[in-house]
Amino acid sequence: MGLIIIAATSCTTMLLLWLFFRPPFGQNIVRLNTTHRIVALTFDDGPHPPYTEKLLDVLAKHKVKATFFMIGSRIEKYPETVQRVIAEGHQVGNHSYSHPVLGFQPPAQVRREIERTDNLLRQLGAAGEIVFRAPLLTRFLPVAWVLARANRRHVSCSVWSWDWITQNPDRIAHTVLKKVAPGSVIVLHDGKAENPHANRTGTITATDKIITTLKRKKYQFATMADN
Ligand SMILES: [Zn+2]
């Protein structure tokens, strides 16, 4: 009898943990829906002058569009940067208001973090779908629940650049290029959530290298809105 209770308790715990950390509902985009040589460049944790602007210059040089997942509190600080991102045809996404571990917040707080940032982006001219990516990709149960109720998808990624660990451009570019494949969603950072003064020069140089190499391999670039 004791063994049965232990087994049942263990199974229930495992089930609850799985439900919390890997909620089996809602749409979680990991890759683009294509078998062609198309990838999406995504940049998190901005806007972050002057690095976001330098990145925009690189993207403009290559005529490439990207998706920027922005933090609400930074949007309030740097609205001109956001307006430039939108004016140059890139897609803006919501990355919460204050970049908490959103998956550990109650649903009402998750909703507030998302809505506040949506409103800021709309005020600055964002049109169409505002895609959402949870900080640290924590699409845990409260996040999945709030997004599913709003009929919204979560944008994850398939290629990590590890540019939050290193700003060595060759290492960042090598990490991305060895993993990239048709449909990859690549995550880079024009800002750094925990350090508003972080230097992002390595990410910018790496982005230039990544685009140059991928174009040579006949890759094209899409935003998450194209997916
Ligand atoms: Zn982030």
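Analyst: An angle counts as roughly parallel under 35 degrees, roughly antiparallel over 145, roughly perpendicular from 65 to 115, and oblique otherwise. The model is a predicted one, in which local features need pLDDT of at least 70 and side-chain atom pairs count only at pLDDT 80 or more, while totals for chains, interfaces and linings use all residues. Residue numbers start from 1 along each chain as its sequence is written.

Helix α7 spans residues 169–179, and it packs with α8 at an angle of about 40°, their axes lying 8 Å apart. Helices (DSSP runs of H or I, at least four residues) are numbered from the N terminus, as are strands (E, at least two). Axes are lines fitted to C-alpha atoms, for helices over the stretch in contact, and angles between N-to-C directions run from 0 to 180 degrees. The pair α7 and α8 is therefore oblique. Their crossing is right-handed, a term for a near helix turned clockwise from the far one by less than a right angle, left-handed being anticlockwise. On the α7 side, the contact is made by Pro 169, Ile 172, Ala 173, Val 176 and Leu 177. On the α8 side, Gly 202, Thr 203, Thr 205, Ala 206, Lys 209, Ile 210 and Thr 213 take part. Two residues are in contact if their C-beta atoms, placed from the backbone, lie within 7 Å.

Helix α8, residues 201–216, also packs with helix α2, residues 51–62. Here the angle is about 15° and the axes are 9 Å apart, which means that α2 is roughly parallel to α8. The crossing of α2 and α8 is right-handed. From α2, the residues Tyr 51, Lys 54, Leu 55, Val 58 and His 62 take part. They meet Ile 204, Thr 207, Asp 208, Ile 211 and Lys 215 of α8.

Helix α2 has a further partner in helix α4, residues 79–87. The axes of α2 and α4 come within 10 Å and cross at roughly 15°, so α2 is roughly parallel to α4. In this pair α2 makes a left-handed crossing. Thr 52, Glu 53 and Leu 56 of α2 meet Thr 81, Arg 84 and Val 85 of α4.

To draw the picture together, α8 packs with α7 and with α2, and α2 in turn meets α4. Within α2, Leu 55 is one of the residues facing α8, whereas Leu 56 is among those that meet α4. Within α8, Thr 207 is among the residues in contact with α2, and Ala 206 is among those in contact with α7.
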